[in-house]
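Here is a short note on the model, for a colleague who will work with the coordinates. Please read it with the backbone in view.

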Amino acid sequence: MAHLKQQFIKVLSSIEPGDDKTNAPEAHRLVRDALEADSKLAEYGVSPVLIGSYKRSVSIRRIKDVDVFVRLAEVPGDVTSKGILDRFFKVLHAEFGTDADGHRRTKRQDRSLQVSFPEYDLYVDAVPARPYGDGTWEIPQKGDGNEWVRTNPDGLTELSSTMNANHDGYYVPTVKLLRQTRRALLSQKKPGGFFIEMAAYQAFASGTVSGDDQAEYYVSALREVSRIVSDFVSHNIAVPDPTLRGRTIRIRATDDELDTARTRFAEAATSAEAALDEEDAGKAALAFQKLLGKNGDGDLVFPMPPGFNEDGSKKASAITPGARVVPAGKRTFG
């Protein structure tokens, strides 16, 4: 069986965010400082914190967006979600203005304000939130009225940390590998990495994911995630939100996008299982290489093991097995 332990270690290194590890916190700080400096938001008890895949340590190279959860603990009940978003836009546009091409850096979205950082090639999504009353929060719902929807990002961070500890540190890297697989398999943006992460959490929570090394965890999780995606697409079986009892994960994807995801993940799970059982390390590496594709820098992330060419064939040996004479060198030393 080809477990290729060293190659999986190198994969995880290849998909780890690079300069983004410095740029993302700095972009967050700049947005946070602008919001905290506003007198009206200060009255509302503004307190921004990082959330999202970066916060949960499951982001992969490259980080294109950073989620900032802007808690407003003292916001009055009569302040509408539209009013909050309007205030955010006013503050952030005043701070960040336009880019070198004259385009506004602050863009209003359904439930957040997106600020571009061209120098870092990433965005910050600032999401306003008000207390729900039980330790969870509400964020603006899609629309122009005063609709809010519950969320619990802090709870998800805690759950992810606990799941990782329960699986001897394999949960977080496995999620990263599954996110990378989604990127390699799907040219489309939807369903996104968050949906795959939540499917992975459900897979781990079900008790069906296990292994003795990273290869086994990856293949086991990929099979179960494939089943969950298939159930979601074919039978409308929703993926639970682990932070809110009775709630499910919502995604935006067309029927064609979902059908493509179902097919590709099913094929990927079968390919991964075959690769794990493959005795030829070169053939196994080729299969894993296809499944994991390239990172955000355009580099293949799964390297060939020593002794194999890039096409998976074994390198020719300078010494014929069983030969009695070893070719002589130049007889020089040092």
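The model is predicted.

1. Overall build. The chain holds 11 helices and 7 strands. Its C-alpha trace spans about 90 × 50 × 35 Å along the principal axes.

2. Burial and surface. The chain has 334 residues, and 47% of them count as buried. Its accessible surface comes to about 17,200 Å². Carbon and sulfur atoms contribute 47% of that area.

3. Charge. How many positive and negative side chains are there? The chain has 45 positive and 48 negative ones. The centres of the two sets lie 3 Å apart.

4. What to expect of the backbone. Most residues other than glycine have a negative phi, and most peptide bonds are trans. The next points list residues to check against that background.

5. Arg 61 to Arg 62. This peptide bond is cis, with omega about 0 degrees. Arg 62 sits in the loop between helix H4 (52–55) and strand S2 (65–72). Please look at this bond in the model.

6. Lys 190 to Pro 191. A cis peptide bond is found here too, with omega near -5 degrees. Where does Pro 191 lie? The loop between helix H7 (171–185) and helix H8 (193–205) contains Pro 191.

7. Ser 57. Phi is near 65 degrees at Ser 57, a positive value in a residue other than glycine. Ser 57 belongs to the loop between H4 and S2, and Arg 62 is found in the loop between those two elements as well.

8. Asp 121. Asp 121 also has a positive phi, near 55 degrees, and is a residue other than glycine. Its place is the loop between strand S4 (113–117) and strand S5 (122–131). Relative accessibility is 42% for Asp 121, which counts as partly exposed.

9. Places to inspect. For positive phi, go to Ser 57 and Asp 121.

Terms used:
Residues are numbered from 1 along each chain as its sequence is written. This is a predicted model: local features need pLDDT of at least 70, side-chain atom pairs count only at pLDDT 80 or more; totals for chains, interfaces and linings use all residues. Side-chain values use heavy atoms; hydrogens and water are left out. Helices (H or I, at least four residues) and strands (E, at least two) are DSSP runs, numbered from the N terminus. Buried means under 20% relative accessible area, exposed over 50%, partly exposed in between (1.4 Å probe, protein chains only). Accessible areas come from the Shrake-Rupley method with a 1.4 Å probe; for residues, only the protein chains shown count as cover. Lys and Arg count as positive and Asp and Glu as negative; His and the chain ends are not counted. The place of a charge is taken as NZ of Lys, CZ of Arg, CG of Asp or CD of Glu.
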